[in-house]
Structure formats: C-alpha cells, structure tokens
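Thanks for coming. Please have a look at it before I start.

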Amino acid sequence: MVAVDRNFNHSAMSATLMLVKPDVVAPVAPVFERYAVSDSSVVLHFVPSSSNDVARHLLLRRSERDTAWREVTAWYTNEDRRTWADRTVEAPSAYTYVMLALDSAGNTSPRSVPLEVRLNAQPQRPSVGAL
C-alpha cells in the first residue's frame, strides 16, 4: 500500500500482509463402498472424503454391547488408504462402523452412513462315529 499526500508525493511501499480466510465449511463425509465378513475379520472398502483440505480420516466402531463409539484407526490423507481390515472382532456379535474426515482447520465432517455387520458363530458339527 502507498500513501499519497496533497502534492501527490508517494510514500514507500508498506509490507505485504497475507490474510487467510477462516475455513468454516466442514469436509464431505467419507463413504463405505463395500465390505466382506469372515468368521475372524471384517474388511472395509471405502471412498475417502473428496474435500481438498482433509488432513485425517477416522474410523469408529461400536459393538452391540457398547454405548460409546471407539476409534479403531486413523490415518492421514497422504497415506491414500481405501481398505482396512478389522481383525479384533469376535463372533457371534454385531458391529457398527462410521467414518469421519477432519480438515486442516479442525472442522469435522458429518458421520458417514453407518455400516452394520454381523458375525455369526460357526456351527458345531457333530463328529462322525463308526460307519
């Protein structure tokens, strides 16, 4: 910026001031694409948030016995993760998963649509006796 007096004399240029507009817009929520369930794990495939300023993604889980969500994993966007296997599940039980995205300004996305999976107990087959 330059000041000009009545005689049209110009002052020296002032220092440049950089301003960053505050980010108040939450990122877009990630989306579960598909999943696979086995007797000992749940493999989740997802599409990360499409927002440009996302810094981290969080995956939360709640079992049918829990009342609170528990963070099971988190990763930074430079990791480019699109699949995660939960090997801490136990059958028979049901689990619900949600994902969140956090941007560089600290804004949190809405939760993804919850994904509920059920692990069934393996049936016990009777042993074969003498034939």
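Predicted model: local features only at pLDDT ≥ 70, side-chain atom pairs only at ≥ 80, totals over all residues.

Residues are numbered from 1 along each chain as its sequence is written, and side-chain values use heavy atoms, with hydrogens and water left out.

Now the terms. Strands are DSSP runs of E with at least two residues, numbered from the N terminus. Two strands pair if DSSP finds at least two bridges between them. As background, strands of a sheet pair through backbone hydrogen bonds, either parallel or antiparallel.

Back to the sheet. How many bridges join strand S2 to S5? Four bridges join them, with S2 covering residues 42-47 and the two strands running antiparallel. Opposite valine 42 stands aspartate 86 in S5. Keep aspartate 86 in mind, as it returns in a salt bridge.

Next, the other sheet. This one is open too, with four strands in the order S4-S3-S6-S7 and antiparallel pairing. S4 and strand S7 (115-119) are the edge strands, each pairing on one side only. Neighbouring strands here are turned against each other by 25 degrees on average, direction ignored.

Strand S3, residues 54-63, has partners on both sides, S4 and S6. With strand S6 (residues 93-103), S3 pairs in the antiparallel sense over nine bridges. Leucine 59, for example, has methionine 99 in S6 as its bridge partner.

Is S3 enclosed or open to the outside? Seven of its 10 residues are buried, so S3 is largely enclosed by the rest of the structure. Buried here means under 20% relative accessible area, exposed means over 50%, and partly exposed is in between (1.4 Å probe, protein chains only).

Last, the charged pairs. Side chains of opposite charge can pair when their charged atoms come close. The rule for a salt bridge is a side-chain nitrogen of Lys or Arg within 4 Å of a carboxyl oxygen of Asp or Glu. By that rule the count comes to five; I will show some of them.

One of them joins the side chains of arginine 61 and aspartate 86, at 2.7 Å from N to O. Arginine 61 lies in strand S3 and aspartate 86 in strand S5, so this pair ties together parts that are 25 residues apart in sequence. Both arginine 61 and aspartate 86 are buried.

Another is between glutamate 64 and arginine 118, whose closest N and O atoms are 3.7 Å apart. Glutamate 64 is in the loop between S3 and S4 and arginine 118 in strand S7, 54 residues apart, and the pair links these distant parts of the chain. Glutamate 64 is partly exposed at 45% relative accessible area, and arginine 118 is partly exposed at 47%.

Notes
Axes fitted to C-alpha atoms, helices over the stretch in contact; angles between N-to-C directions.
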